[in-house]
There are 2 protein chains.
Amino acid sequence: MIVSTKGRYALRVMVYFVLHGNEGYIPLKEIAEAEGISQKYLEAIMTTLSKAGFVDAAHGKGGGYRLNRKPEEYTVGSILKLTEGSLNTVSCTTQGPSACSRATCCHTLPMWEKLDSMVEAFFEGITLADLLKDQ
Amino acid sequence: MIVSTKGRYALRVMVYFVLHGNEGYIPLKEIAEAEGISQKYLEAIMTTLSKAGFVDAAHGKGGGYRLNRKPEEYTVGSILKLTEGSLNTVSCTTQGPSACSRATCCHTLPMWEKLDSMVEAFFEGITLADLLKDQ
DNA sequence: TGTTTTACCTATCGTGTCAATAGGTTAAAC
DNA sequence: GTTTAACCTATTGACACGATAGGTAAAACA
C-alpha cells in the first residue's frame, strides 16, 4: 500500500473541483456526500490542502473550497506528497540515503532507489487535467 | 510503504545465498546473524520460501537452506509476490478490477492500474543475478 | 442582534497489521 | 541418545490508519 485513503481521497476531491467547481466555492458537505467520504475525516484533508495553498477556503454561507490554479498546474505527485507526507516505497529510503546501517553493503538498496525515482517521475508526470483525459 | 520487511528480508536472504551458497546448505542461524535479522522472525520467511519451492531445506547437522535454481531464474517480483502476498500499490486494485463500488466512475482508477502494471514490470524485470551487477 | 452556515481545531477511539518473541515438535546427523 | 537445525502454533507490543466526537471562529443573512 503505497498510497493510503488520505492521498486517494485528496485526489478524488481535487478532481471533483475540476468537474464541478465552475460556479465558485463548494462546501465540504457536498463533496463528502457526493464522493461517499466521511465528512469529518475529509475535514482534516481539506485543511491540509488549504494550509498548503492548494485550495482557497471561505467561511459562512456560500463558502467552501475552490481551486486557485488551473487543473494542468496541479501534479498528482504534489498532491500525494502533501497529503501522504512522502512517496517513498520502502523505509530503506525514507530518511534519505544511507540512513540504514547496511546501506554501504546492501545489494538491494540501489533497486529501491530506482523504484522511488520511477514512482516519483510517474506521479509528477500526471496532472489533474490528465486524469480527466483518461477514461 | 509498498514492501514490508518480510519481502525485503527475503530478498536479502536470497542474495546471501547467491554470494555464500557455493558449499551447500546454510543454516538459518548464520544468515540471521550475518544480515542482522531476528532469527525467529526469519524462520517464518524461510518456511514460506521453502514451501513454495524457492529453496531446498535439510534438517539436522549440516542442514539448512540452499537455492535450487540459478540466480538468473529468480525474479525479484516472484520473491516479493510470494512473501508480501501481492504487489498492489493501493487497495483500489487489490481485489481485482471493479472491486471498488466507484470503479465505473472513478477518474483515478486508471492511474492506479497503470502504476500497478509499471511496478509489476519493474520487479519482474530484475533477477537475483541483476542485483549483484548493480553497485 | 442573533441565527445559520461553514471552515477550523483538538482529542480520542477501534481495528488491524507489522515485527518480533516464546515455547514447543519433528527430522537428520554423529 | 545427544546435538543440530528445520518446522509449527500462539502471543505480544507498538504503531498507523480511518474514523468519530465535540467544540471554536468567521462570514452571511434576516
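Entry 1, a helix pair in chain B. I am working from a predicted model. I looked up helix α1 (residues 5-20) of chain B against helix α2 (residues 28-35) of chain B, and found that their axes come within 11 Å and cross at roughly 110 degrees. Angles of 65 to 115 degrees count as roughly perpendicular, and α1(B) and α2(B) are therefore roughly perpendicular to each other. I also noted the hand: the crossing in which α1(B) passes α2(B) is right-handed.

Entry 2, residues at that crossing. Which residues of α1(B) meet α2(B)? I listed B:R12, B:V13 and B:Y16 on the α1(B) side, and B:I31, B:A34 and B:E35 on the α2(B) side. Sorting the residues of this contact by type, I get four nonpolar and two charged, with no polar ones.

I turned to chain A and found six helices and two strands. Read from the N terminus on, the elements of chain A follow the order α-α-α-β-β-α-α-α. I noted about 60 × 30 × 25 Å for the span of the C-alpha trace of chain A along its principal axes.

What share of the 135 residues in chain A is buried? I have 30% down for the buried residues. I then took the contacts in chain A with a separation of 6 or more, and residues 24 or more positions apart account for 62% of them.

Terms used: Residues numbered from 1 in each chain as written. Chains lettered and ligands numbered in written order. Predicted model: local features only at pLDDT ≥ 70, side-chain atom pairs only at ≥ 80, totals over all residues. Axes fitted to C-alpha atoms, helices over the stretch in contact; angles between N-to-C directions. Helix = DSSP H or I, 4+ residues; strand = E, 2+ residues; numbered from the N terminus. Parallel < 35°, antiparallel > 145°, perpendicular 65-115°, else oblique. Left-handed = near helix turned anticlockwise from the far one by under 90°. Contact = placed C-beta atoms within 7 Å. Nonpolar A, V, L, I, M, F, W, Y, C, P; charged D, E, K, R; others polar. Buried ≥ 20, exposed ≤ 12 C-beta atoms within 10 Å, placed from the backbone.
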